[in-house]
Amino acid sequence: MCGFDKDKGPRRLMKKGLTLILVGHISFILGAIVHGNILRHVSRPIKDIRAGASAEYTVANVISVTSGLLSIATGIIAIVVSRNLCSLKLQIGLLVVSLLNALISAACCIGLILAISITVAHNGAGLMLGCNDTEVPINARSPISARCPFDTTRIYETTLALWIPCAAFSAAEAGLSVWCFIVGLALRGLAPCGNSYIKEQLEEEAVCSPHSRRLIVQPSSPDA
């Protein structure tokens, strides 16, 4: 993983950046669909002992949307770094943003897995918290009809069908962000990638560039 080379490395970094942008867009769209169609009704405060169960859903979904946006930003920075490997500010930016995105994406994946587990264990009862039936406990797979502000047709299957890909994409975002973070370590010559020598190669290339040579070599005086 630390074997980043200045010839093939930039192209690989650009591909990872493009993949992060694509995956981030998909995660953001899926999370927005779930929140807009389902969770905005569930997250409304209601006087019910089961109301706390919706917190896991809302928090996991908000983190999912945030992770998608941050993945897009990480992908853009990775692409820019691939074209400007010697820029110190971009290298530090890649390190900070990729580490933050890796942590948030990992938290998102864990949160979504928890939300999926709770939903399956309770047959989607948490998804019906926004309905107006008060005395009869119902779940998303119950044949009992309920007055709900949203369409309950296949809400259980639809939610899981959106959450499972979201969890998979979050895991992919975390993996790609870790890869970008390690590239940032290699570019800065930091452990555990301090022995990759890419930093020294970039510094030598910068010194040997035509612009640097023009600054170093002074023109001879005509009066000499």
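Predicted model: local features only at pLDDT ≥ 70, side-chain atom pairs only at ≥ 80, totals over all residues.
Modeller: A contact means heavy atoms within 4.5 Å. Residues are numbered from 1 along each chain as its sequence is written, and side-chain values use heavy atoms, with hydrogens and water left out.

Biologist: How many helices does the protein have?

Modeller: Helices (H or I, at least four residues) and strands (E, at least two) are DSSP runs, numbered from the N terminus. From that terminus the elements run α-α-α-α-α-α. The protein has zero strands, and its number of helices is six.

Biologist: In which element is the confidence highest?

Modeller: The mean pLDDT of the protein is 75, with 64% of its residues reaching 70 or more. Over residues 45-53 the pLDDT is below 50, and this stretch has six contacts beyond near neighbours in sequence. Confidence is lowest in helix α6 (residues 210-216), at a mean of 42, whereas the highest mean, 90, belongs to α3.

Biologist: How many contacts beyond four places in sequence does the model have for residues 210-222?

Modeller: In residues 210-222 the pLDDT stays under 50. Beyond four places in sequence, the number of contacts that the model has for them is five.

Biologist: Is Asn101 buried or exposed?

Modeller: Asn101 is found in helix α3 (residues 88-121). Its relative accessible area is 0%. Because buried means under 20% relative accessible area, exposed over 50% and partly exposed in between (1.4 Å probe, protein chains only), Asn101 counts as buried.

Biologist: With which residue does the side chain of Asn101 make a polar contact of 2.6 Å?

Modeller: Leaving aside neighbours within four places in sequence, Asn101 is in contact with Leu20, Ser67, Leu70, Ser71, Thr74, Glu173 and Ser177. A polar contact is a pair of N or O atoms within 3.5 Å; within protein, one must be able to donate a hydrogen and the other to accept it, and residues adjacent in sequence count only if both atoms are side-chain atoms. The polar contact of 2.6 Å joins the side chain of Asn101 to that of Ser177.

Biologist: What share of the contacts with a separation of 6 or more comes from residues 24 or more positions apart?

Modeller: The protein has 224 residues, of which 39% count as buried. Among its contacts with a separation of 6 or more, the share from residues 24 or more positions apart is 73%.

How values were computed:
pLDDT = per-residue confidence, 0-100.
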